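The sequence and the model are shown first.

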Amino acid sequence: MTARQEDASSQEDSALLERVMQALDRKHDLSKKIAREPETTEIVTQFVGRLESAFGKLSAVRGKRILDIGCGTGGHALIWAKDGIDVAGLDMSPTMLKYANEKVSELELPISFIEGDVRSFNIGRKFDAVTAMFAVMSYQTQTEEILSALRSVRRHLEPGGLFLFDVWSGPGVISDPPTERVRSFMRDGIEILRTVRPVHDVSSHVVKVHYDILCIKDQKILKRVKEVHGMRYLFPQEVADFSSRTGFQIVVSEPFMKHGESLRIDDWNVMFVLMAV
Ligand SMILES: C[S@@+](CC[C@H](N)C(=O)[O-])C[C@H]1O[C@@H](n2cnc3c(N)ncnc32)[C@H](O)[C@@H]1O
C-alpha cells in the first residue's frame, strides 16, 4: 500500500469511526440505537397518544406546548415539531444539543434547544406538558435530585399541566436484577464490542452501569470508551410521595409501552403521568 493509500485508508477509518462515535454519543445504549431506531417513532407516537388521552380525559389544559427534558439529540422533539406542536428541548450535554441543532437546521423546524440541568432549570415560560423519555429521571439517582427535578418541572406547568416520564421500575429490577452482558456487532466495517457490567446497590435503589465499548478494525483497537451511569429505580409509592411533595398527583402509572395495562412485578420500565395541582 502506498503512503497516499495508507493516508486515505486511515482517513476513511477516522471518518467511519467518527460516525460510530456519533452513534455512541447520540445513544448511550448503542444496541438500542442500532437495533431499535424504528421503535423510537412508535414510542413517540404512543407518548403523544397517551398525552392526548390524558389531556382529553383528565385535564382542562390542551397539549400544544411541550418541553422535552433530557432531550438528547432531539429525536422526539423533531417528530412532535413535524406534527405542529410547539416544542422546546433541554439537555445538559452540549454534544447532544450540537447534534440536535444540526438536525433542526437541516429540517428547518422551529425548535429551541436549551442547555440546562433538569434539577435546576428555569427557562421563564410555561408549557402544557413536560416529557422526560428513555429513563431520564432514572439518571437523577439521589432522592433530593428527583425532588429538585420535579420542582423544576412544576415551575414550568400551569395547574392541570402534565409531566410524562418513564423510569426503571423498582419491582422489576429487584425481582430480575441486571446481569453482565457482552455484545458484538459490525458497524461500517468496524466491530463494536460492548460490555455492560451492572453494580447493584440495593440500599440506595441504584444500579451503576459500567459501559466498556471497544471499536475494533483488523484486530486493532481504534477507540475505547468507558462510561459509568448510575440508574435509580423507583417504586410507585415513592413516586406518589415525591409527587405530593412537589405539587403533583399521579394520574397514570402503567408499564412502559403497554398502554392501559397494570404494572406487574416483571415490568422493568414504568411510565408515569403526573398532573400539576
Ligand atoms: C438515555 S438519554 C435519553 C435521551 C432522549 N430523551 C431520548 O429519548 O432519546 C438521557 C439523556 O438525559 C440527559 N440528562 C441526564 N441527566 C440530566 C440532567 N440532570 N439534566 C439535563 N439532562 C440530563 C443526558 O444528557 C441524555 O441526553
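Within α4, the buried residues are Gly75, His76, Ala77, Leu78, Trp80 and Ala81. Helix α4 spans residues 75-82 and is mostly covered, with six of its eight residues buried. Just after α4, Gly84 adopts a positive phi of about 85 degrees.

The model is predicted. Its overall composition is summarised below.

| Property of the protein | Value |
|---|---|
| Helices and strands | eight helices, 11 strands |
| Residues counted as buried | 34% of 277 residues |
| Contacts between residues 24 or more positions apart | 66% of the contacts with a separation of 6 or more |

In soluble globular proteins, nonpolar side chains tend to be buried together. Here, the largest nonpolar core comprises 54 residues. Val136, Phe163 and Leu164 are the residues with the most contacts inside that core. When residues up to four places away in sequence are not counted, Phe163 touches Val130, Val153, Leu157, Phe248 and Leu274.

A further local feature concerns Arg125, which lies in the loop between β3 (112-115) and β4 (127-132). Is Arg125 buried or exposed? Arg125 is exposed, because 9 other C-beta atoms lie within 10 Å, and a residue counts as exposed when that number is 12 or fewer. Along the chain, Arg125 and His156 are 31 residues apart, and their C-alpha atoms are separated by 6.3 Å.

Note on methods
Residues are numbered from 1 along each chain as its sequence is written. This is a predicted model: local features need pLDDT of at least 70, side-chain atom pairs count only at pLDDT 80 or more; totals for chains, interfaces and linings use all residues. Helices (H or I, at least four residues) and strands (E, at least two) are DSSP runs, numbered from the N terminus. A residue is buried if 20 or more other C-beta atoms lie within 10 Å of its own, exposed if 12 or fewer, and partly exposed in between; C-beta atoms are placed from the backbone. Two residues are in contact if their C-beta atoms, placed from the backbone, lie within 7 Å. A nonpolar core is a set of buried Ala, Val, Leu, Ile, Met, Phe, Trp, Tyr and Cys residues joined through C-beta atoms within 7 Å.
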